[in-house]
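Work through the exercises below with the model open. Try each task before reading its solution.

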Amino acid sequence: MSDKQIKKILIVGGGSAGWMTAAALSNALRGGCEIQLVESASIGTIGVGEATIPPIKLFNQSLGLEENEFVSKTMGSFKLGIEFVDWGKKGTRYFHPFGTYGVDFDAIPIHQHWLKAKKEKQVENLDDYCMAWAAAVRGKFHPPSRDHSKIQSTFDYAYHFDTGMYSRYLRQYAEARGVVRIEGKVVNTTLDTESGYIQSIKLEQGKSLEADFFIDCSGFRGLLIEGALQTGYENWTHWLPCDRAVTVGSEQAEDIIPYTRATAKTSGWQWRIPLQHRTGNGHVYCSEHMSDDEATSVLLNDIDTKKTCDPFVLRFSTGRRKKFWNKNCVAIGLSAGFLEPLESTGLHLIQTAIRRLIALFPESKNNGLAEQEFNRITIKEYETTRDFLILHYKATQRDDSEFWNYVRNMQIPESLQYKMDHFQTSGRLVSDGVELFANPSWLAVYLGQHHWPQHYDPKLDLNPNKDALYNLQHLRELMAKVAASMPSHAEYINRFCKAVM
Ligand code: FAD
């Protein structure tokens with residue numbers, strides 16, 4: 001082993017990012033490296049991040065976690081997508097499903113057949129052709145079938161869970177695999193005078209900790225990536241202007257729905273996340289248009305069960321670190337950047353950063369090529385995800401507040417404008433194929449927010465299919481029938497993964 005090899009890794013921070021990283025690295029490196037994690041109980045964690053997207057299942061599976069045990073230990077529930085209320089126009093709603101809309105036929109995407117039928121006033125909502133919504137609207141849940149000939153295979157799911165319990169669960173996992181946790185507050189960092197690489201960190205109690213490689217999971221502070229290395233931040237507030245959230249827990253609702261709800265408000269939006277022991281609520285808003293007190297009162301007026309704690313205000317700036325990997329430090333979690341909570345991408349960006357770090361694990365302490373590749377892919381991932389989030393604001397018709405007027409009229413990135421122009425012309429969905437949010441997600445937002453294309457696919461008029469309407473009706477009826485036969489979400493939880501309160 002060369003003496004330049006990485007033998008000691010230090011993770012700073014023990015929130016979701018820190019413990020997800022510690023768990024995954026201890027599993028992947030299998031004792032080949034010494035891993036330490038420093039966290040400070042006096043500082044604590046951000047304590048939000050309870051809704052996820054389907055790839056989280058892959059992360060848990062890669063660690064060998066058993067699904068029912070994980071859901072039970074984190075007071076979790078299942079999530080089939082997000083219901084968006086009042087986004088396109090007040091009084092309207094749509095569902096962003098996990099999975100696809102029905103199945104394509106005649107080698108033409110199903111939404112094109114639907115657009116044609118809609119123009120002829122022969123169909124109603126696009127949501128009716130989506131298995132995830134068929135189950136969600138009936139309060140049903142069962143994992144999808146692996147038999148791809150079945151309609152039950154066309155949806156996917158993720159989880160809602162208590163983020164503190166998830167971190168504790170992963171801590172046990174990581175410590176059992178040799179990760180050493182150190183309690184302490186980092187007060188200083190020492191850099192190598194020649195290379196500028198991080199040499200050590202100093203704790204408040206005076207102790208110094210050295211390592212070959214550092215992972216900054218210190219949250220918005222970015223203690224190492226910014227505090228020590230001054231990497232710089234690319235601010236995206238002009239595109240994603242919400243910069244605060246007020247959160248509050250409330251009692252568990254009678255009905256535990258299998259989806260997140262995101263309701264648009266005058267200057268932002270509000271989330272509702274059902275867990276087994278409580279409901280998570282938060283109001284995300286733009287401080288230029290609403291005060292903290294007003295935002296708190298909007299939130300408290302709109303929660304549907306009794307609050308269980310005091311509301312708590314969080315501040316953030318949407319954007320990303322100019323480099324995610326800088327010298328011998330990688331930033332993972334909120335220290336790397338934040339796009340805002342819409343569409344629940346925070347934990348996912350942690351998961352993909354960890355996967356990328358493991359794939360590019362450097363041969364030596366200074367490996368510029370691995371750093372370059374990590375940054376190249378991560379920047380692309382942040383930018384494509386950012387564009388999808390911006391779409392929710394840009395594609396609105398709301399004109400009832402300064403906030404909505406601003407986002408409706410704002411300049412958007414060229415990359416997003418290009419996609420919107422394609423859809424506007426003939427309902428065409430374009431993507432470079434490696435994006436987190438695939439075509440059905442874009443479709444859900446475009447059509448759910450009444451961003452109608454001028455035409456449907458011209459091929460449908462060149463070769464009309466007399467059975468298209470019948471196919472659509474059949475799909476809708478089949479989905480409704482299959483969904484009706486599933487267990488309710490509550491029944492499924494009670495049977496397989498009920499938490500011990
Ligand atoms: P933190 O939780 O802030 O942890 C930072 C850690 O660093 C803590 O352990 C702290 O003690 C430690 N630390 C800091 N300074 C020091 C120091 N000086 N010395 C020692 N230790 C220190 N993501 C989703 O996927 N789904 C969601 O629904 C979602 N909702 C969100 C809602 C809001 C309002 C916000 C702000 C974020 C949301 N996110 C969501 C993102 C998600 O919360 C984060 O990605 C996730 O919690 C990871 O946070 P973190 O570990 O990076 O930071």
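**Exercise 1.** Is the crossing of H2 and H6 left-handed or right-handed?

*Solution.* The model is predicted: local features need pLDDT of at least 70, side-chain atom pairs count only at pLDDT 80 or more, and totals for chains, interfaces and linings use all residues. Residues are numbered from 1 along each chain as its sequence is written, and side-chain values use heavy atoms, with hydrogens and water left out.

Step 1. Locate the helices: H2 covers residues 56-63 and H6 covers residues 163-176. Helices are DSSP runs of H or I with at least four residues, numbered from the N terminus.

Step 2. Take the angle, about 25 degrees, with the axes 12 Å apart. Axes are lines fitted to C-alpha atoms over the stretch in contact, and angles run from 0 to 180 degrees between N-to-C directions. H2 is therefore roughly parallel to H6 (angles under 35 degrees).

Step 3. Assign the hand. The crossing of H2 and H6 is left-handed (the near helix is turned anticlockwise from the far one by less than a right angle; clockwise is right-handed).

Step 4. List the contact (heavy atoms within 4.5 Å). H2 supplies Ile56, Phe59, Asn60 and Leu63, and H6 supplies Tyr166, Leu170 and Tyr173. By class, the contact of H2 with H6 holds 6 nonpolar, 1 polar and no charged residues. Ala, Val, Leu, Ile, Met, Phe, Trp, Tyr, Cys and Pro count as nonpolar, Asp, Glu, Lys and Arg as charged, and the others, Gly among them, as polar.

**Exercise 2.** Describe how H1 packs on H9.

*Solution.* Step 1. H1 (residues 16-29) and H9 (residues 346-359) pack at about 30 degrees, with axes 10 Å apart. So H1 is roughly parallel to H9.

Step 2. The crossing of H1 and H9 is right-handed.

Step 3. Residues in the contact include Met20 and Leu25 of H1, and Ile350 and Ile354 of H9. The contact of H1 with H9 divides into 9 nonpolar, 3 polar and no charged residues.

**Exercise 3.** Which residues of H10 and H13 make the contact?

*Solution.* Step 1. H10 (residues 368-394) and H13 (residues 439-448) pack at about 20 degrees, and their axes are 9 Å apart. The two helices are therefore roughly parallel.

Step 2. Thr384, Asp387, Phe388, Leu391 and His392 of H10 meet Ser441, Trp442, Val445 and Tyr446 of H13. The contact of H10 with H13 has 5 nonpolar, 3 polar and 1 charged residues.

**Exercise 4.** How many residues surround the ligand?

*Solution.* Step 1. The count is 35 (a heavy atom within 4 Å). Gly14, Val48, Ala51, Val186 and Leu347 are the closest.

Step 2. Check backbone atoms against ligand oxygen atoms. A polar backbone atom of Leu334 lies 2.9 Å from one. For Ile46 the distance is 3.0 Å.

Conventions: Angles under 35 degrees count as roughly parallel, over 145 as roughly antiparallel, 65 to 115 as roughly perpendicular and the rest as oblique. A polar contact is a pair of N or O atoms within 3.5 Å; within protein, one must be able to donate a hydrogen and the other to accept it, and residues adjacent in sequence count only if both atoms are side-chain atoms.
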